[in-house]
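Subject: Handover of a structure

Dear colleague,

Please find below the structure that I am passing on to you.

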Amino acid sequence: MIWKLVSVVVVATVVGGVSFAVAQPGVTGEWEMRLSTQTGVTTWQATFEQDGDSLAGEIDLGDNEILSVDGTVEGSMLKFVIVVPDLDGDQPINFEGELTGDTIKGADGSFSWYGTGHWEASRK
Amino acid sequence: MRNRLIGLCSVALLVCVALVLSSMPGRAAADDINGVVTSANGAEEGVWVIAETTSLPTKFVKSVVTGDGGRYLIPDLPEATYQVWVRGYGLVDSAAVDAQPGDTLDLRAIVAGSPAEAAKVFPANYWYSMIEPPAPSEFPGTGPEGNGIATNLQHQDQWVDIQKQGCMLCHQLGNRIVREIDNLEQFDSSLAAWDHRVQMGQRGSQMTNVMSRFGRARGLQMFADWSDRIAGGAVPPTPPRPKGIERNVVISMWEWGTEIDYIHDEIATDKRNPRINANGPVYGVNISNDELAILDPRTHVASALDMPLRVDPATVPGMIARSMPAPSRFFGDELIWNDPANPHNPMMDQKGRVWMTSAIRNRANPEYCKAGSDNRFAQYFPLENGFRSAVYYDPSSEEFVMVDTCFGTHHLQFAEDENDTLYFSGGGQVIGWLDTKMWDDTGDEVAAQGWCPTVLDTNGDGVVTKPWNEPARDGQSAVVDTELDTRVVVGSYGVIGDPIDNQAVWISSNRFPGRLARLHVGDNPPETCVTEMYEVPSVLDPAAPTDKIGFGSRGLDIDRDGVLWTALSGSSHLASFDRTKCAVHNGPDTVEGRHCVDGWTLYPTPGPVIAGTDPPIRADYHYYNWVDQWNTLGLGEDVPIATGSNSDSLLALDPSTGEWTVLRVPYPQGFFTRGLDGRIDDPEAGWKGRGVWATYGEAATWHIEGGRGVRPGMLKFQVRPDPLAE
């Protein structure tokens with residue numbers, strides 16, 4: 001009886017876990033990104049599209065500047081780059097972060113003209 | 001009458017004596033060194049004699065070219081002890097010999113023992129001509145699962161444009177430190193070495209991004225194959241030695257800055273009046289470490305002043321990253337560059353003040369620039385952000401003054417109008433200006449500035465009116481309502497006022513294939529602003545004739561007749577554009593800018609062709625160009641000059657013949673210049689009273705011959721009547 005109960009619990013746990021994983025939308029969706037650097041807090045609007053371990057999408061920097069996202073997803077870890085056009089040579093900005101539910105905790109980094117600091121994002 | 005006759009005879013006799021003396025080896029004037037260069041082959045004509053010294057306040061180098069019979073004369077040397085030696089194509093460098101002004105010095109040149117020995121001093125473009133981009137037939141790219149070429153590259157020209165405007169934007173390719181891999185033993189292959197070297201240092205993230213634009217693996221393979229061929233003994237074709245006027249060139253060089261300073265541009269005078277600042281200091285902007293570099297060529301003293309900001313510099317991020325994907329081979333993980341101000345381009349006004357495009361704050365604009373402001377320009381086209389503003393240094397007060405601009409700034413040029421209007425490129429979606437007369441009169445930086453978006457009169461009614469068609473993300477209009485005008489984002493890089501119409505300013509765009517745009521400000525901007533746009537004829541235009549296909553406009557200047565000149569950095573042409581040849585300037589057919597191919601004339605620059613390019617593309621790179629409107633060099637008025645940024649040279653064109661005069665800098669190799677200007681110090685002094693100035697603008701100073709420890713150089717080019725003129 002005890003073994004039966006344990007089995008049910010284990011199966012329920014496994015099924016529940018799988019169900020939870022399937023229900024996770026990954027990083028796909030609309031996000032608000034916040035960069036905190038020596039220049040203050042900068043807010044961008046992001047649209048991420050996850051396809052397997054590939055990450056695409058767009059980030060709207062305001063001022064009519066919308067840039068493409070090119071990156072990867074490994075488990076809960078994200079890496080992506082946006083390239084800011086510039087007359088002295090395009091400036092790539094690299095981001096790394098960890099997805100937890102509806103938030104992304106970004107790693108410290110150097111974000112070109114937007115400064116050096118860290119970033120985070122919340123699902124909209 | 002008799003006295004007059006005697007006087008004339010005396011003058012004639014003196015002239016004859018002077019001519020005889022000047023042509024006789026063994027009789028150097030007190031401040032010259034002269035002699036003859038010979039080798040096992042006999043007299044060596046068209047080779048350089050180089051005199052260098054470190055006994056002045058800053059290192060000084062003067063070079064001349066041998067003429068008939070191998071004779072040379074280095075004129076006007078400051079008192080010092082010099083090391084004098086010979087460099088030339090077909091030779092190896094001779095040993096240096098000590099000499100002093102007044103000496104006559106016959107030099108023995110050494111003939112190269114092999115093509116490989118000779119090639120060591122060939123300019124970078126000759127080495128770079130051996131690189132092999134994918135053949136035209138391989139385009140369009142089919143991506144990593146196909147031919148490895150990025151799928152957005154439809155034509156070979158677009159690939160080469162990345163080689164030029166991606167990589168050569170910052171430094172020469174083909175010089176020794178790039179073409180050879182000194183630390184190859186640390187890697188499994190040359191491909192792995194290239195993969196690593198493009199990630200090194202504070203520009204590593206930029207370099208590695210450029211590599212990825214090719215289709216990363218395919219791009220790396222191209223560079224690795226090139227280095228492998230060179231390591232295997234491949235040698236480029238031999239450049240021609242200087243001939244004709246090229247042998248009359250005298251180049252003086254002073255070191256300034258430090259071994260880590262990237263001095264982007266210089267200025268010696270007011271472009272509108274080259275007599276301004278006669279015999280005065282020349283100025284340069286140290287973009288990587290926020291300084292105004294100053295060289296006094298009379299005292300040979302180089303100095304520098306810190307650029308100011310209005311806010312704490314620690315709160316302003318610079319252009320150059322504060323991180324690196326991989327440590328530098330030379331500086332490890334040390335952050336050698338710190339550039340909150342990031343001063344980019346200097347220009348001098350009629351008062352001798354040095355104006356610069358330089359950041360003074362963060363990107364977020366003051367409220368008066370934004371929507372909701374009562375500023376009429378902000379109401380017409382609000383600006384949320386701007387990168388760099390205007391700063392000037394006044395030598396008379398020795399003070400900097402900062403002027404905040406809503407629009408970003410990059411290059412700057414004064415108009416020939418009564419307000420001394422200063423126009424700026426780099427405004428992103430707008431062209432901005434500062435009425436410097438109003439600024440001087442009032443000190444009101446808000447009232448003195450203005451800007452306009454670039455909007456084409458595509459409905460052809462002669463004015464620009466709202467609403468207009470908005471641009472798509474690539475800078476071109478997506479959906480054009482022919483009843484409306486059309487806003488375009490040209491991407492302003494170069495800028496120049498029009499001497500024929502002082503309400504007009506031109507800009508150039510460096511986005512493939514390149515464009516020019518003309519903004520006519522009118523009497524009541526911003527409402528009276530109207531823009532025209534002219535695309536460089538290219539492979540994107542099926543109607544473009546083959547002899548007019550080019551790409552990669554960057555620099556921009558204009559002659560006294562209003563003809564534009566832009567060096568096509570990608571295809572290696574100097575191109576002119578004559579608006580008077582255009583049948584149409586506005587209307588619905590002008591939206592792509594392909595309505596005036598007749599206005600364009602392309603002149604291929606000299607130098608070797610990159611292997612496998614069709615149509616042929618030369619291996620040089622032209623960061624900028626300039627028109628010698630006032631004959632400051634001595635080749636005539638309105639001579640267009642391109643920077644030979646990958647060939648250690650300035651390239652002067654005679655448009656009537658299509659012939660080039662190559663002003664080659666023989667030493668130190670790595671003369672990657674980003675601009676030039678000319679000054680007349682004394683109009684009565686012949687060639688000695690005038691000259692053109694340019695600086696080494698290599699981003700990585702340690703790429704210059706000599707390696708780490710070498711400092712950037714500031715150069716003066718002069719053209720004398722013959723190779724022995726004193």
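R34(A) touches V41(A), T42(A), T43(A), H118(A), W119(A), E120(A), A121(A) and S122(A), leaving aside residues up to four places away in sequence; contact means heavy atoms within 4.5 Å. The model is predicted, so local features need pLDDT of at least 70 and side-chain atom pairs count only at pLDDT 80 or more, while totals for chains, interfaces and linings use all residues. Residues are numbered from 1 along each chain as its sequence is written, chains are lettered from A and ligands numbered from 1 in the order in which they are written, and side-chain values use heavy atoms, with hydrogens and water left out.

R34(A) lies in strand 1 (residues 29-37) of chain A; helices (H or I, at least four residues) and strands (E, at least two) are DSSP runs, numbered from the N terminus. Is R34(A) buried or exposed? With a relative accessible area of 19%, R34(A) is buried, the term for values under 20%, whereas exposed means over 50% and partly exposed in between (1.4 Å probe, protein chains only). The side chain of R34(A) also makes a polar contact with that of E32(A), at 3.3 Å. A polar contact is a pair of N or O atoms within 3.5 Å; within protein, one must be able to donate a hydrogen and the other to accept it, and residues adjacent in sequence count only if both atoms are side-chain atoms.

Chain A as a whole has one helix and nine strands, and buried residues make up 38% of its 124 residues.

The contact between the chains takes 22 residues from chain A and 33 residues from chain B. About 2200 Å² is buried between chain A and chain B, with 46% of this given by carbon and sulfur atoms; buried area is the accessible area (1.4 Å probe) that two parts lose on being put together, summed over both. L87(A), D88(A) and W113(A) supply 36% of the area that chain A buries against chain B, more than any other three residues.

How many salt bridges does the rule find across the interface of chain A and chain B? The rule finds one, in which the side chains of D90(A) and R511(B) meet at 3.0 Å, N to O. A salt bridge is a side-chain nitrogen of Lys or Arg within 4 Å of a carboxyl oxygen of Asp or Glu. Three residue pairs are in polar contact across this interface, both residues being at pLDDT 80 or more.

Chain B contains an open sheet of four strands in the order 30-31-32-33, with antiparallel pairing; two strands pair if DSSP finds at least two bridges between them. Strand 30 (557-558) and strand 33 (600-604) of chain B each have a single partner strand, so one side of each is left without a neighbour in the sheet. Strand 31 (residues 564-568) and strand 32 (residues 573-577) of chain B pair over five bridges, and T566(B) stands opposite A575(B).

Elsewhere in chain B, strand 21 (residues 421-424) points T421(B) and Y423(B) one way and L422(B) and F424(B) the other way, and all are buried. Strand 21 of chain B pairs in the antiparallel sense with strand 20 (residues 412-414) over three bridges, and with strand 22 (residues 430-435) over four bridges. L412(B) stands opposite F424(B), while L434(B) is the bridge partner of L422(B).

Yours sincerely
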